[in-house]
Amino acid sequence: MIKSPLYLLLIMVLLAGCSGDKAARLKMGDPAPDFLIEDLTGKSYRLSDFKDRPVIIRFFITDCKFCKADTPVFNDYYERHRQQGLAIFYLTTTVDRSKVAKFAADLQIPFPVAIDYNKTVTGLYNVKAEPQTIILNSEHLIKGAILGGVTEPEFDEILGGEWQK
């Protein structure tokens, strides 16, 4: 069980929203909604294609100082755990493709970066504020949600057991 003060915040973020749709009812331990995205290179990815692999989904904004500051944490964590199956997706609702491509290139992001043009995935996960990071275990159950900047110890606390399997 996560003992950090962020735990209460992340539960509130997942439960936030007034709508009665399924996304508003997501909570820790729920199965993650499947989605299909296309990255900046045109390659398609479906969450369900990453069966038995932990997944981190980062909802970001190109002008966000937290997003720029902690992207190296995502890059390093991915490099360290990708051989163990970790997948990371960076999703933004910023529709300026050149701006998103510059963000990805400047920060040397080694995993898929996609634009959620119609806010489909953002809606599925009921993301109301960005940056937000949703962490799924290898069974694609929601294990954590972090609003704002992210640290490696937070990833380790939430996903640490995945690397001992």
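The model is predicted, so local features need pLDDT of at least 70, side-chain atom pairs count only at pLDDT 80 or more, and totals for chains, interfaces and linings use all residues. Residues are numbered from 1 along each chain as its sequence is written, and side-chain values use heavy atoms, with hydrogens and water left out.

**Sheet**
- Five strands form an open sheet: 5 strands in the order 5-4-3-6-7, with mixed pairing.
- Strands (E, at least two residues) and helices (H or I, at least four) are DSSP runs, numbered from the N terminus. Two strands pair if DSSP finds at least two bridges between them.
- Strand 5 (113-115) and strand 7 (142-147) are the edges. Each has a single partner strand, so one side of each lacks a neighbour in the sheet.
- On average, neighbouring strands are turned by 20 degrees against each other, direction ignored.
- Strand 4 and strand 5 pair in the parallel sense, over 3 bridges. Leucine 91 has alanine 114 in strand 5 as its bridge partner.

**Helices on the sheet**
- Helix 2 (residues 65-81) lies across strand 3, strand 4 and strand 6 (132-136). Its direction runs at about 165 degrees to strand 3.
- Helix 3 packs on the sheet and touches strand 3, strand 4 and strand 5. Its direction makes about 165 degrees with that of strand 5.
- Contact means heavy atoms within 4.5 Å. Axes are lines fitted to C-alpha atoms, for helices over the stretch in contact, and angles run from 0 to 180 degrees between N-to-C directions.

**Aromatic pairs**
- Rings of Phe, Tyr and Trp (its six-membered ring) pair if their centres lie within 6.5 Å; planes under 30 degrees apart count as stacked, over 60 as edge-to-face and the rest as tilted. The count by this rule is 13 aromatic pairs.
- Phenylalanine 50 and phenylalanine 89 are edge-to-face, because their ring centres are 5.2 Å apart and their planes stand at 85 degrees. Phenylalanine 50 is in the loop between strand 2 (44-46) and strand 3 (55-60), and phenylalanine 89 is in strand 4 (residues 87-92), so the pair ties together parts 39 residues apart in sequence.
- Phenylalanine 50 is buried at 12% relative accessible area, and phenylalanine 89 is buried at 1%. Buried means under 20%, exposed over 50%, and partly exposed in between (1.4 Å probe, protein chains only).
- Phenylalanine 60 and phenylalanine 103 are stacked, because their centres are 4.7 Å apart and their planes are at 20 degrees. This pair links strand 3 to helix 3 (residues 97-106), across 43 residues.
- Phenylalanine 60 is buried at 0%, and phenylalanine 103 at 5%.
- One aromatic cluster is formed by Phe60, Phe74, Tyr77, Tyr78, Tyr90, Phe103, Phe111 and Phe155.

**Arginine 58**
- Arginine 58 is in strand 3 and is buried, with 0% relative accessible area.
- Its side chain makes polar contacts with those of aspartate 70 at 3.0 Å and threonine 133 at 3.1 Å.
- A polar contact is a pair of N or O atoms within 3.5 Å; within protein, one must be able to donate a hydrogen and the other to accept it, and residues adjacent in sequence count only if both atoms are side-chain atoms.

**Tyrosine 90**
- Tyrosine 90 is in strand 4 and is buried at 0%.
- A side-chain polar contact of 2.9 Å joins tyrosine 90 to threonine 71.
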